[in-house]
Amino acid sequence: MPRPLETPAPRAADSEAARPYLSGRSYGRLRRTVVLATAAVSILPLVIISFLYHDQYERSLRAETIDGLARQVTNSKRTLEFFLTERRSALSFIVRDHSFAELCDLEALPRIMRSMNEAFAPGSFADLGLVDAGGRQLCYSGPYDLKGRDYHDQDWFYRVTRRGVFISDVFLGYRNNPHFAIATRHERDRSGYYILRATINADVLAEQLLTGGLAPHDDVFVVNRDGVLQAPSRRYGAVLRTVPLKIPYATAEVQVLELEDERHQPIVLGIAQIADSPFILVSIRPQVRLKSGGLSLPRLLAFLLLSIAVILGVILWGSRQFVSNLRAENLRRAELMHKVEYSNKLATVGRLAAGVAHEINNPLTIINEKAGLLKDLVNLEAEFPRRDKVLGIVDSVLGSVARCRKVTHRLLGFAKHMDVQSETIAVEELLREVVGFLGKEAEYRNVTITVEAEPGVPNVESDRGQLQQVFLNILNNAEAAVKDGGRIDIRVHAADERRVAVSITDDGVGISADNLERIFEPFFTTQEGAGTGLGLSITYGIVQKLGGDITVESEIGKGTCFTVLLPIRRKG
Amino acid sequence: MAALRVLFVDDEEELVSTVVERLGLRGIEATGATSGQEALTRVEEQAFDVVVLDVRMPGLGGLDVIKRLKQSHPDLEVILLSGHGAKEDVEVGLRLGAFDYLQKPVDLEDLIEILKRAAARE
């Protein structure tokens, strides 16, 4: 049979009101609820806001990238178109402002070219030539020896004769240097036409592209309709190489597209046709830039994980503090409640006992005296019939009265000591009183209870009522732990100069090591539902309050020994 | 030697009559009274060597009686009878001049022993 760890007396206090304080599991549930609720209201919004922010950030970044690229392409397009228009207009002006004869003058053409390079920028024009309707270069000013060259079979010549003004692709030509030509046709009176042709080195075109600066990962270049580079590219190399990327169809309007490049990497591509030219302006920005800057997804996740870890740490710590404080407070309240209830119960029992004892005492006294008188009368008669028999009966009555007197004395003593706070107590005598209360139950179960005191054990200064409660609790537990015919030995001895020790040893079922560690905890009981688990907790509290100490040793199957150490003198 | 004259006072009539008879059987001249007032009257009517007085009685209690007896008969010895738990009353009674006290229920031999000591003192 498991050993109950509390006295029967406080069982009535095992009320529903005490139940919520009993279960450690409910505090576990409360803590889990607190943690989950707090985590939900703090972490969920953080996660949602972080992802919304990240999404918004990506959208903004994308928009900024696309808009930025569109702006860049627009600006570059405007610059290139202005550059070409300027030069084309200059040629048109010269060809209209000078007669054929003037342009054919060997000194005039170099002078005009000098003036043009001075007006624009040194090196703006590589050379200048006058070509007749047959395609032969009549006059030439420039670093190469190109006078007399025949261009009639060249594409630019064909196109300028048909269109009047023409800007060529970049090509190597006779000089074997990348350049492009701007040519304008001028009609002569009744004698056909002639063409003024200027060439511009391809690197001048590249300079125009880079006037606005270029971000490190960006690329801007010019291709013709066949995808051949007209200006050098960071990604695709030098002029006249073919770009491996499939260039989308370009219009005069700037377009920005999200594509994959030839290596299937995501890119943003801006494209626009340069007006009145074969040039297509292309600008490329890698998509990866969108993800690497600012709040990238890995950074966001790292931030979130760190934040969640910190929040969870704080929540776990806070909830632990909260629940343990709440538990301690509830335990304290419940303990106090039970103590008050228990004390009230004992006081009530004490008053009741005193009333009963007092009422019984008076008739007992009369019985005692009547029996005494009867005995006197029998003794006074010399020849009393069946004298011995009568005297035996009288003695039996007197003996029973004496027993009743012991009981009433004990009851009155118990009641009397309920309110006493501090007095000098003979511990052995007090123990015998307490054992007297248990006597009958022990007798029925044939349990032997012995009280033995070391000679010369000093009295202690203590609270009699509280000490009675302490020993009652321990003895009740001991009595419940022993089997019928078991044994409880109480020994009083001097522990040291300042303390008296009371050892209560039983040969009962014993207590396991695990239970032994928790035996004085409030609400700890090995009998679920049978008691409050407060008996030994209250006992422990009282002993501490009295300035003493209580220890317990036990072995399963062999028994348990409680030792109460009581100070001989109370402090304060 | 003249017989010891004792007045036994208690509110329990049965007790008083029995004790008086038992004392009488032992050659003690015992008289009973069942109230404080009756005790005072008896003392005025006849002479006693010792008064055995219950501390707690309805009406005139034992402490009032001893107070008055000690005023009117300072040499009269009084033995108090107390129930359990009347320690304070006994202490007051002893201060008021009681010779000794006995706790109820009384053992007759103890009572006679104290009566003899009280009479010897007188």
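Hi everyone, let's start with a hairpin: β8(A) and β9(A) form one with five residues between them, and A:His264 in the turn has a positive phi of about 65°. Helices and strands here are DSSP runs, numbered from the N terminus, with helices being H or I of at least four residues and strands being E of at least two. Pairing is called when DSSP finds at least two bridges between two strands. One such bridge joins A:Val256 to A:Gly270 in β9(A).

A word on where this comes from. This is a predicted model, in which local features need pLDDT of at least 70, side-chain atom pairs count only at pLDDT 80 or more, and totals for chains, interfaces and linings use all residues. Residues are numbered from 1 along each chain as its sequence is written, while chains are lettered from A and ligands numbered from 1 in the order in which they are written. As for confidence, pLDDT is the predictor's confidence in each residue, from 0 to 100. Chain B has a mean pLDDT of 90, with 97% of its residues at 70 or more. For the complex, the predictor gives an ipTM of 0.85 and a pTM of 0.45.

Now back to chain A. Chain A has 12 helices and 17 strands. Of its 572 residues, 32% are buried, where buried means 20 or more other C-beta atoms within 10 Å of a residue's own, exposed means 12 or fewer, and partly exposed is in between, with C-beta atoms placed from the backbone.

Let's zoom in on one residue, A:Leu364, in helix α7 (residues 297-380) of chain A. Why does A:Leu364 count as buried? Because A:Leu364 has 20 C-beta neighbours inside 10 Å. Leaving out residues up to four places away in sequence, A:Leu364 touches A:Val401, A:Cys404, A:Arg405, A:Thr408 and, over in the other chain, B:Pro105. Touching, or being in contact, means that the C-beta atoms of two residues, placed from the backbone, lie within 7 Å. A:Cys404 is 40 residues away from A:Leu364 in sequence, and their C-alpha atoms are 7.7 Å apart.

That takes us to the interface. Here 14 residues of chain B are in contact with 17 residues of chain A. On chain B's side, helix α1 (residues 13-25) supplies the largest share, seven residues.

What about chain B itself? Five of its strands form an open sheet in the order β2-β1-β3-β4-β5, with parallel pairing. At the edges sit β2 (29-33) and β5 (100-103) of chain B, each pairing on one side only. Inside the sheet, β1 (residues 5-9) and β3 (residues 50-54) of chain B pair in the parallel sense over four bridges, and B:Leu7 stands opposite B:Val51 in β3(B).

Finally, two helices in chain B: α3 (residues 62-72) and α4 (residues 87-95) pack at an angle of about 5°, with their axes 10 Å apart. Those axes are lines fitted to C-alpha atoms, for helices over the stretch in contact, and angles run from 0 to 180 degrees between N-to-C directions. So α3(B) is roughly parallel to α4(B); that label covers angles under 35 degrees, with over 145 roughly antiparallel, 65 to 115 roughly perpendicular and the rest oblique.
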